[in-house]
Amino acid sequence: MNVMTKTDISRVIAVLDAPALVPGATPKPSLISVEDAKAMTVARMTDLFKGHINPGQLHFMKLLGFNRIKVERAEGMHYIDQNGRKILDFFGGFGSLAFGHNHPRILAARRKFQEEKRHEIAIAFMSQYASALAHNLAKCSPGALDMVFLGSTGSEAMEAAVKVAERAAGPKRSKIVYAENSFHGKTKGVLSITDGKLYRGEFRLVDGAVRVPFGDIDAVENAFKSDPEIGVIVIETVQGGGGIVSAPDDFFPKLRALCDKHGVLWVADEVQCGLGRTGKFYAFEHYGVVPDVTALAKSLGGGKAAVGAMIAKRDVYMKAYGTPKTAMIHAQATFGGIGEASITAIEALNILYDEGLIDNAATTGAYLIERLKALQAKYPSIIKDVRGKGFMVGLEFHDFSQTLPALLRPVVAMLDDKLKGSLSGFVGALLLRDHNVLVAFTEYNRNVIRLEPPLICQPEHVDEFISALDLLLGRGIVAIVKDFVKSQVT
Ligand SMILES: Cc1ncc(COP(=O)(O)O)c(C=O)c1O
């Protein structure tokens, strides 16, 4: 006899509960409603994540204790969980939350847009919203960075950036230089210039990509001199995934000069470091030079919409797509310049200036770095380096793989290969569990904690974060590791 499983029973009940069908009508599957989604328990969410999204990823969430949290609301600098706990957000969605969570002006602009029943898809007709957003981006961009391609993600913006540069450089100059430890996205094209072994997996990559050490102008010059097929160089102005790494101050001015000399186009990836995060609209503005093409995404959507943009110098764009014959080669995709996303980005750019967020990133970001450096002086055997600009800050711990007490080493290694000897995972997990603070990590350098709080972050938030970190580090490494290990077995 067949025994019915719980799933079978719930299917039968769902069928019995369903309204009577009009003969021939398509039956509705047992779908979850919006209200039921909001009310979902952590256990059910875990089941669905495991069953339909990414079972392997849950492993890391469990290690860090992130799997116990259901975010009910988010406002300004905070997430609020199912128990009403306020979590201070120093992670900021890897730079996607410049305006904080649910900025009132952004919510109001979106609400009004909906109430007015404005249109979304802008394929048949021109869009006043996409046009205004492109205008605003050109106004925020220095030099001749005037032509804008709108998309939905950083990867899409970077694909557009690489393609416009490749076409402008021409088929005889189609090789691309990229940097060690780069991250430009996971879509198939930019994967070839993303330097992460993990992300590359065993995919077949696009050929003609030449890797150089990040920030090494001599290596760039050698590459340009030795290979006349190189027509494009793609570089993050500040490496995010690499662990918040800046090039030497003279690198970008020298790069600009080298590109001009060799006729190479410079693509600056500003997806993470752009939009005011480092204390200038674009991070390359710290160096007084302008690239040929750049890309933004993340916070451009105001924390509420998915918006990415490629911005190119007009002559570069016109060379690539400037005629009726070439215009549609890389014209906007279905959701490029979509209405509500565009007006969200328009409002976001206005807020950036109206609220002085770029200047706040510079000054409060400097305060964060100053306070972290004081902690480094207090815990020199734990903190190896503090670096960054504005609100793009890296905190690097010394590697503990060799200095942990011998007894703890195998236990830690057993827990997970990735966290072995790296204090950042332990510190991140305990900051969340005991101090209600969320920070970010990086795949490429397991000893680094990435701090990219919203640009609305105030000195008192910095003080709160620093006190939490100070209290935690004050417990000492052994206590931190022991506490973390215990949290994994209880
Ligand atoms: C520098 C950089 N470029 C590109 C991307 C890809 O952006 P997305 O995840 O929106 O596709 C990222 C994402 O982290 C990034 O940091």
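Is F94 buried, exposed or partly exposed, and how many other C-beta atoms lie within 10 Å of F94? In this predicted model, F94 has 17 other C-beta atoms within 10 Å and is therefore partly exposed, since a buried residue would need 20 or more. F94 sits in helix α5. Its phi is near 50°, a positive value in a residue that is not glycine. Most residues other than glycine have a negative phi.

N181 is not a glycine either, and its phi is positive, at about 60°. The residue lies in the loop that runs between β5 (175–179) and α9 (188–191). Because N181 has 20 other C-beta atoms within 10 Å, it counts as buried.

The next step is the division of the chain. The protein is split into domain 1 (71–101 + 357–489) and domain 2 (104–354). Taken over C-alpha atoms, the centres of domain 1 and domain 2 are 29 Å apart. Domain 1 puts 29 residues into the contact, and domain 2 puts in 28 residues. On the domain 1 side, α5 (92–95), α15 (357–378), β13 (383–389), β14 (392–397) and β17 (448–451) each contribute at least two residues. Of the elements on that side, α15 gives the most, with five residues. By class, the side of domain 1 that touches domain 2 is made of 14 nonpolar, nine polar and six charged residues.

Four strands in the order β13-β14-β17-β16 form an open sheet with antiparallel pairing. Its edge strands are β13 and β16 (440–441), each of which pairs on one side only. Within the sheet, β14 and β17 run antiparallel and are joined by four bridges. L395 stands opposite I449, a residue of β17.

Another open sheet of four strands has the order β1-β2-β3-β15, and here the pairing is mixed. The edges are β1 (71–75) and β15 (437–438), with each pairing on one side only. Strand β3 (residues 86–89) runs parallel to β15, and two bridges join them. D89 has L438 in β15 as its bridge partner.

Leaving aside residues up to four places away in sequence, A309 touches L137, V148, F149, L150, A157, A295, L296 and L300.

The ligand is surrounded by 15 residues, and the closest are G154, S155, G185, V271 and Q272. The largest share of this shell comes from helix α8 (residues 154–169), which provides three residues. What is the make-up of the shell by class? The shell has five nonpolar, eight polar and two charged residues.

How values were computed:
Residues are numbered from 1 along each chain as its sequence is written. This is a predicted model: local features need pLDDT of at least 70, side-chain atom pairs count only at pLDDT 80 or more; totals for chains, interfaces and linings use all residues. A residue is near a molecule or strand if its C-beta atom, placed from the backbone, lies within 6 Å of it. Ala, Val, Leu, Ile, Met, Phe, Trp, Tyr, Cys and Pro count as nonpolar, Asp, Glu, Lys and Arg as charged, and the others, Gly among them, as polar. Two residues are in contact if their C-beta atoms, placed from the backbone, lie within 7 Å. Domain bounds come from an automatic or database domain assignment. Two strands pair if DSSP finds at least two bridges between them. A residue is buried if 20 or more other C-beta atoms lie within 10 Å of its own, exposed if 12 or fewer, and partly exposed in between; C-beta atoms are placed from the backbone.
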